[in-house]
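Q: I'm new to this one. Please pick a single part, look at it closely, and then show me what lies around it.

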Amino acid sequence: MTDLQHAIDMLAPARRIAVLSGAGMSAESGIPTFRGSHDSLWSRFDPMRLATADAWREDAALVWAWYRWRIALVADAQPHAGHRALVALARTRRVDVVTQNVDDLHERAGSMVQAHVHGSLLALRCFDCAQPHGAPLDAMVAADVPQRLAPPRCLHCGGQVRPGVVWFGEALPQQPWTNAQQAMQDCDALLVVGTSGLVQPAASLPALAHRRGVPVLEINPEPAGLARDPRLRFAASAAQLLPSLADQLC
Ligand code: NAD
Ligand code: ZN
């Protein structure tokens with residue numbers, strides 16, 4: 001029996017599939033991951049200078065320029081065949097997408113996302129008064145974003161507007177975290193796609209599904225061992241494997 005056949009046998013009876021996606025899910029859309037490749041973001045930038053509240057207080061223009069560059073990358077990117085495969089799968093059974101990604105590629109492919117556990121790049125809010133910032137950003141292509149850029153000003157208090165992502169040292173947004181845990185409790189099978197499993201507490205989510213005895217399948221060119229059954233660890237990319245799986249299951 002091939003691994004793919006084993007995976008299909010495990011997934012076919014599932015009426016409710018949860019998906020936990022990480023940065024690797026967006027890699028083939030051209031959005032760099034944080035870890036796991038030579039051009040990943042953390043190999044080129046120091047996260048402690050860019051993804052903490054202290055970094056913002058120290059040099060908001062440096063931090064904002066980095067996020068503005070990432071927002072522009074996402075705006076220029078398109079969902080790939082793997083994102084679309086999850087949409088096709090959701091036509092045949094319930095699919096709960098839980099993502100660590102701060103982009104909107106699942107949504108733009110047509111998925112209803114159950115939880116963005118690390119927030120969203122585009123959910124801008126004021127660093128000072130926490131009010132959401134509704135005003136659109138000026139259009140910008142990634143290559144034109146300068147090294148430093150003043151953040152937009154809050155329309156309520158004049159403070160500085162920050163991206164709606166969870167920085168190191170910050171608590172996860174409560175409702176998405178509750179939704180994510182619920183998806184792990186309710187699923188008949190879990191697909192873990194493109195995550196290194198190094199960022200807690202998100203990395204603890206697959207264990208909730210394991211504990212209930214449901215099959216957990218991992219798709220990652222460098223599997224992190226989040227699927228306990230080695231036959232369900234696919235050393236493959238999201239855009240390659242998800243369409244094959246969906247074809248067999250739809
Ligand atoms: P990570 O960067 O730590 O790990 C990425 C994983 O994806 C690696 O294990 C890598 O081997 C794998 N991968 C690379 N290419 C892949 C592909 N084509 N298909 C499948 N897997 C592939 O990412 P993480 O575990 O999500 O964790 C860290 C944090 O990074 C999260 O908080 C997330 O918010 C943030 N992040 C988000 C984005 C995004 O929104 N697109 C991008 C970078 C980082
Ligand atoms: Zn404000």
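A: Let's start with Val97, whose bridge partner in E3 is Val113. Strand E2 (residues 94-99) and E3 pair in the parallel sense over 3 bridges; strands pair if DSSP finds at least two bridges between them. Strands (E, at least two residues) and helices (H or I, at least four) are DSSP runs, numbered from the N terminus.

This is a predicted model, where local features need pLDDT of at least 70, side-chain atom pairs count only at pLDDT 80 or more, and totals for chains, interfaces and linings use all residues. Residues are numbered from 1 along each chain as its sequence is written, chains are lettered from A and ligands numbered from 1 in the order in which they are written, and side-chain values use heavy atoms, leaving out hydrogens and water.

Zoom out, and E2 and E3 belong to an open sheet of 6 strands with parallel pairing, in the order E3-E2-E1-E6-E7-E8. Its edge strands, pairing on one side only, are E3 (113-116) and E8 (233-234). Helix H10 (residues 238-249) packs on this sheet and touches E6 (189-193), E7 (216-219) and E8, with its direction at about 140° to that of E7. Contact here means heavy atoms within 4.5 Å, and angles run from 0 to 180 degrees between N-to-C directions, with axes fitted to C-alpha atoms, for helices over the stretch in contact.

Now for another pair of strands. E4 and E5 pair in the antiparallel sense over 4 bridges, and Arg125 has Arg162 in E5 as its bridge partner. E5 is mostly covered, with 5 of its 5 residues buried, meaning under 20% relative accessible area with a 1.4 Å probe, protein chains only.

The zinc ion (ligand 2) is coordinated by the SG atoms of Cys126, Cys129, Cys154 and Cys157, at 2.3 to 2.4 Å. Cys126 sits in E4 (residues 119-126) and Cys154 in the loop between E4 and E5 (161-165), 28 residues apart. Both Cys126 and Cys154 are buried.

Notes:
Donors are N, O and S atoms within 2.8 Å of the metal (3.2 Å for Na, K and Ca); water is not among the atoms, so sites may look incomplete. Buried means under 20% relative accessible area, exposed over 50%, partly exposed in between (1.4 Å probe, protein chains only).
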